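Subject: Structure handover

Hello,

Here is the structure I promised to pass on. My notes follow below it.

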Amino acid sequence: MLLVFDIGNTQTVIGVFLGASLLADWRLATDRQKTVDEYGILLKSLFKDSNLEISQIKAGVISSVVPTVTGLFEGVAVKYFSVNPLVVGPGIKTGLAFKYENPREVGADRVVNAVAAIKLYKPPLIVVDFGTATTFCAIAPNGEYQGGAIAPGLSISSEALFYRTAKLPKIEIEKPKSIIGRNTTHAMQAGLFYGYLGLVEGIISRMKGEMGCDPQVVATGDFADLIGDNTKLIDVIEPHLTLHGLRFINELNS
């Protein structure tokens, strides 16, 4: 079995694969204060609840955009699963060709998503990942990674309204019944949801125009369903895109 870690700024997604089958996946808060033992004990409990045997883990892969936490999960893999995990970064085989000024600047999450999208779907592609930041990646018809765009995520936008204003409340992010809010909460939801929907559609449309083709748009991440269900510009929602990308990278480097 393969153990994969997708370490994001807000959440860490962990998955267990047997071949191409995802047996289990969990979302944990990315906590820089936790220790190797705290995460290790938590994972042991999750494995037990899912009737999985830790001893069956034979390899591990880590994708991380939080350098201070990367070593923490490397320690978890070594101490609790007896595997030396592969860490996505320079020198790792990805199969990607880059049209990027400095390929080393491309975040591990964007690389892994691109690898998965190319394997699962046919280029040209636009990959949208709704995380702490929302990333847009353009992949040419020949599979070349062209670049993309990075925008503040929906949660960041919502938190900014709450923390940077004196009277606006903290709200749930959801689609309101109307774009014309009849109270403060609904007005904020309208601005966040429809404003963000416009941002996503605007970037995708402009990116398609610049690419000069009609790419398939694949979405993943926390708000992929919320936004994807309300626009015709997103073709596929793949909730486990990053985890599958880590599986493919493990295969390439085995």
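**The sheet**

An open sheet of mixed pairing is formed by five strands, in the order β3-β2-β1-β4-β5. Its edge strands are β3 (21-29) and β5 (86-87), each of which pairs on one side only. Strands (E, at least two residues) and helices (H or I, at least four) are DSSP runs, numbered from the N terminus. Two strands pair if DSSP finds at least two bridges between them. In general, strands of a sheet pair through backbone hydrogen bonds, either parallel or antiparallel.

Please keep the basis in mind: this is a predicted model, where local features need pLDDT of at least 70 and side-chain atom pairs count only at pLDDT 80 or more, while totals for chains, interfaces and linings use all residues. Residues are numbered from 1 along each chain as its sequence is written, and side-chain values use heavy atoms, with hydrogens and water left out.

**Strands β1 to β3**

β1 and β2 run antiparallel and are joined by six bridges. The hairpin between β1 and β2 passes through three residues. Eight bridges join β2 (residues 11-18) to β3, and this pair also runs antiparallel. The hairpin of β2 and β3 has two residues between the strands, and glycine 19 there takes a positive phi near 65 degrees.

Isoleucine 14 in β2 stands opposite phenylalanine 5, and its bridge partner in β3 is tryptophan 26. Leucine 18 has serine 21 in β3 as its bridge partner.

Six of the eight residues of β2 are buried, so β2 is largely enclosed by the rest of the structure. Buried means under 20% relative accessible area, exposed means over 50%, and partly exposed is in between (1.4 Å probe, protein chains only).

**Helices**

Helix α7 (residues 241-253) lies across β1 (2-7), β2, β3, β4 (59-64) and β5, and runs at about 125 degrees to β1. Axes are lines fitted to C-alpha atoms, for helices over the stretch in contact, and angles run from 0 to 180 degrees between N-to-C directions.

Helix α3 (residues 108-120) packs with α7 at an angle of about 85 degrees, with the axes 7 Å apart. α3 and α7 are therefore roughly perpendicular to each other (angles of 65 to 115 degrees count as such, under 35 as roughly parallel, over 145 as roughly antiparallel and the rest as oblique).

On the α3 side, the residues that meet α7 include Val112, Val115 and Leu120. Among those on the α7 side are Leu241, Leu246, Phe248 and Ile249. Contact means heavy atoms within 4.5 Å.

Glutamine 189 has its place in helix α5 (residues 184-211). At 5% relative accessibility, glutamine 189 counts as buried. Leaving aside neighbours within four places in sequence, glutamine 189 is in contact with Ile171, Glu172, Glu174, Pro176 and Tyr194.

**The whole chain**

The secondary structure of the chain comes to seven helices and 10 strands. Along its principal axes, the C-alpha trace spans about 55 × 45 × 30 Å. Of the 254 residues, 45% count as buried. Among contacts between residues at least 6 apart in sequence, 58% join residues at least 24 apart.

Regards
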